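Look over the sequence and the model before reading on.

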Amino acid sequence: MLRRNDFDVELPTRDGSDISNLSLVFIESTKLCITINHISELHRDRKLLELEECSRIEVSLCDWVRGLSEELQLFDRNGKRKDYCRPVSELMIQYFVAIILCEFLRYRDRGGPRRVSVTSLLAASCAAALYEEIECRDEAVLLPHHNGFYCLIFGLPIIHYIPQSIERKAARHRDLAILRAILKGMDGRYGDAKWCMTLMENLKTSIDRAPGSQRPENSEHLEPSAVATLLFPFPAEFCDNMALLEHTRVRNVEFSAESLDPWQGWSVDNGTFDYTWLDLFRFDVADTYEQFENGDQ
């Protein structure tokens, strides 16, 4: 809501060595806010998007995670998980949000079904792992309300990923259960928590029942890019889907079968799609209103 060009306040910086971890989190979070703001402006802009713009954002995110001070890193140099610190976990969750929004931007102007990239799926799984640490300590109630927005973002790639192996199915089920638990824990302070859970559950039901939901999970293969590896400089134990970076060939998965995509063919005058990532939940405001009128919350 605050555009960078509308103010001239200097960005916070680290002055001296005597500074708290919370202040460091604030400084780094501000950098991510600027990146997410830039992504949002590109989403809003209806001109054709140059793929180089996405690449520049990816590079900035790689630089951000690589430049994190040791105090804000999740793992030590030996790959061992550091002691739990919720502000640091929240900072990294914000980082994974930026990655997924950038991936949505990459597919904004393409025809046909949108796709959930391996990068999006991995970012969502890493965030779910951090949320699990928060939830098991009963600290979901302490999360700011924008985490409801985050849960919706993380839910999209996880819901649209239809694995065939038992292990991957279990991981998908577990990640979605964690997101639901976070939203449930936020319910007392975040009025839209039930609405978010309804959106996710309705989309999951429609995707799981789709005729193409049993398609082979290796329908398309892509080589994992060097950028993807740089975006996730974490040990394999971080989350189950970290193994995707180790495979020689990994793939993209479709957002939905073309027959279920109500936004197929919708465009603005210059040929770019006129929709937001939230439209991928395919919700109808009238249906939502009727559910609340009937007390089905």
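## Salt bridges and packing

Glu 201 is partly exposed, with 34% relative accessible area. Buried means under 20% relative accessible area, exposed over 50%, and partly exposed in between (1.4 Å probe, protein chains only). Glu 201 forms a salt bridge with Arg 180. A salt bridge puts a side-chain nitrogen of Lys or Arg within 4 Å of a carboxyl oxygen of Asp or Glu. Glu 201 sits in helix H7 and Arg 180 in helix H6, 21 residues apart. Helices are DSSP runs (H or I, at least four residues), numbered from the N terminus.

This is a predicted model: local features need pLDDT of at least 70, side-chain atom pairs count only at pLDDT 80 or more, and totals for chains, interfaces and linings use all residues. Residues are numbered from 1 along each chain as its sequence is written, and side-chain values use heavy atoms, without hydrogens and water.

The structure holds 11 salt bridges, including these:

| Pair | Closest N to O |
|---|---|
| Glu 201 – Arg 180 | 3.6 Å |
| Arg 66 – Asp 63 | 2.5 Å |

Arg 66 and Asp 63 both lie in helix H2, three residues apart. Arg 66 is exposed, at 58% relative accessibility. Glu 139 is buried at 18%. Arg 86, Glu 90 and Glu 139 form a network of salt bridges.

Helices H5 (residues 146-160) and H7 (residues 193-208) pack at about 5°, their axes 10 Å apart. Axes are lines fitted to C-alpha atoms over the stretch in contact, and angles run from 0 to 180 degrees between N-to-C directions.

Conventions
Helix = DSSP H or I, 4+ residues; strand = E, 2+ residues; numbered from the N terminus.
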